[in-house]
Amino acid sequence: MTYIASSLIAVLAAAGSTYAQLPEPYVNYPNGLSPVFDQGFFAGTASPTFSIQQWPSGTAPQSCVNELAWNGCISGRAVVYNVTYTDCPTPWVFCRCDNADLSINQMADFFGRMPVHLRSVVRHPMAVHQDGCSAYATTGSDDGDIVMQGNCNTESIWLHETGHQLDARGLGNGVGFSTSPAWINALYADSCAADDYGNTALWEEFAQMTVVAQSDTIYNVVPQQAIPGCFNNQLAALEGAFKASHLTYGGTCISRIPSSPSVTAVWKRGISRRGVQRVGPCKFKNITPPHKH
Ligand SMILES: [Zn+2]
């Protein structure tokens, strides 16, 4: 009975059914991604040199006004910066609340450790204060921001949120990769998700597999798998679409999302969320910052 049902579902999936492909029966990283991958990212990546220039108070990108206010960052507490890396002449505009757990130097470093082509799918990195850590991405056609809520001090979290932008924008045609046949079929062919969080939604699994694929791109190995190879179809699909174009280091920024328009910053609580498409809040277990020696 079960076998017949599975075969029928396979046929439906092949025919383009919207049958949900998650949850998978297994996960490859039962303790989450951070304990496995973050030490490697810390050791194996480095940000290009960057310069930081703080904006005068009173002006900010519109989306920073919206997102920081939505996070309760009120009057006078928001700070805006140009961060310019040596591999791209156009700065990224970062925004943080002045009580954010991440400093602007930390933010610029975590962001800068990603390949410049991957950074280019992000418009504004932001950080606010929160106990613990969650994060989200704004992925609508007029969005493109990633927001760290709390002490999100590991590379895997930055890669996950940027993975949501890669999903939404990487193909450049307005279609999210995680809802495409290529991703659905890969999930069907695999027996596991990356971890429990990835197993909750197509796009969360894509974001977690972005972390795995970035590690694979750097080290050419996927370590410590509970069930070796159980997500290899997803890995192949993601890398086939984005490894050369976004996950490989080198080059310069070749396309950037224009900054959100600068406006007179009025930092109020409860600014309208209209028109913004948020993915998250994403929550991660066993966040394991690498030790600095
Ligand atoms: Zn997520």
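Trainee: Which loop is Gly 172 found in?

Mentor: This is a predicted model, where local features need pLDDT of at least 70, side-chain atom pairs count only at pLDDT 80 or more, and totals for chains, interfaces and linings use all residues. Residues are numbered from 1 along each chain as its sequence is written, and side-chain values use heavy atoms, with hydrogens and water left out. Helices are DSSP runs of H or I with at least four residues, strands are E runs of at least two, and both are numbered from the N terminus. With that naming, Gly 172 sits in the loop between α6 and α7 (181-189).

Trainee: Is Gly 172 buried or exposed?

Mentor: Buried means under 20% relative accessible area, exposed means over 50%, and partly exposed is in between (1.4 Å probe, protein chains only). Gly 172 comes out at 67% relative accessibility, so it counts as exposed.

Trainee: And what about Ser 156, buried or exposed?

Mentor: Ser 156 lies in helix α6. Leaving aside residues up to four places away in sequence, Ser 156 touches Ser 34, Asp 38, Phe 41 and Val 211 (contact means heavy atoms within 4.5 Å). Its relative accessibility is 6%, so Ser 156 counts as buried.

Trainee: At what angle do helix α2 and helix α6 pack?

Mentor: Axes are lines fitted to C-alpha atoms, for helices over the stretch in contact, and angles run from 0 to 180 degrees between N-to-C directions. The axes of α2 (residues 34-44) and α6 (residues 155-169) are 8 Å apart, and the angle is about 100°. Under 35 degrees counts as roughly parallel, over 145 as roughly antiparallel, 65 to 115 as roughly perpendicular and the rest as oblique. That makes α2 and α6 roughly perpendicular.

Trainee: Which residues of α6 make the contact with α2?

Mentor: On the α2 side, look for Ser 34, Asp 38 and Phe 41. Their partners on α6 are Glu 155, Ser 156 and Leu 159.

Trainee: Which strands stand at the edges of the open sheet?

Mentor: The seven strands have the order β2-β4-β5-β6-β8-β7-β11, with mixed pairing (two strands pair if DSSP finds at least two bridges between them). Each edge strand has a single partner strand, so one side is left without a neighbour in the sheet. Those strands are β2 (50-54) and β11 (278-283).

Trainee: In β11, what is the bridge partner of Ser 134?

Mentor: Strand β7 (residues 133-138) and β11 run antiparallel, joined by four bridges. For Ser 134, the bridge partner in β11 is Lys 283.
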